[in-house]
Structures are given as structure tokens and as C-alpha cells.
Amino acid sequence: RVVLTLAQNLRSMIINDLACKGFAILVVSSELPELLAVSDRIVVMHEGKVSGIVDAKTATESSIMQMAF
């Protein structure tokens, strides 16, 4: 279960509303629980290069962190 702060919940609501209206959303964050809650796909970068792309439905914080280092 993901627990988000009030500000994160508000951001999530705005992001989901825009996505439902057909907008593409790019979120840059190191807050993994928030990314997992609002993303369809997550691109992981390390030292300026893409080190992996994962489906947010199957990704875990651990799997994302493994790609980051």
C-alpha cells in the first residue's frame, strides 16, 4: 500500500485528471512511491544514460533502485 502526503495526493489527482483528458505527462522525481502511484511507465537513468524502462504496474521500488546503480 502506498501512502502519499497531501501535496502528493493533490499532484496525483491533477496528473490523473490531465492524463484522462489525453495529455502526456512527464514526471521527474526521486520519490518512488509517488512515481509508482502516478506512472504507466518509468524510465530509470544513471549518470545521464537510460539504464532501464519498466511498466509501473509490475515495478517495485527495489527493481527501480537496482537499475539506478
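Ser 12 lies in helix α1. Is Ser 12 buried or exposed? With a relative accessibility of 8%, it counts as buried, since buried means under 20% relative accessible area, exposed means over 50%, and partly exposed is in between (1.4 Å probe, protein chains only).

A word on what you're looking at: this is a predicted model, in which local features need pLDDT of at least 70 and side-chain atom pairs count only at pLDDT 80 or more, while totals for chains, interfaces and linings use all residues. Residues are numbered from 1 along each chain as its sequence is written, and side-chain values use heavy atoms, with hydrogens and water left out.

Now step back to the whole chain. The protein has three helices and two strands, and from the N terminus on they run α-α-β-β-α. These elements are DSSP runs, numbered from the N terminus: helices are H or I with at least four residues, strands are E with at least two. Along the principal axes, the C-alpha atoms fill a box of roughly 30 × 25 × 20 Å. Of the 69 residues, 26% are buried. If you take the contacts between residues at least 6 apart in sequence, 25% of them join residues at least 24 apart.

Back to helix α1, which covers residues 6-20 and also holds Leu 10. Leu 10 has a relative accessible area of 49%, so it is partly exposed. Overall, the protein exposes about 5300 Å², and carbon and sulfur atoms supply 59% of that.

Finally, the strands. Which residue has a positive phi although it is not a glycine? That's Glu 47, at about 55°. Glu 47 sits in the loop between β1 (41-46) and β2 (49-55). At 72% relative accessibility, Glu 47 counts as exposed.

Key:
Contact = heavy atoms within 4.5 Å. Areas by Shrake-Rupley, 256 points an atom, 1.4 Å probe, with all protein chains shown as cover.
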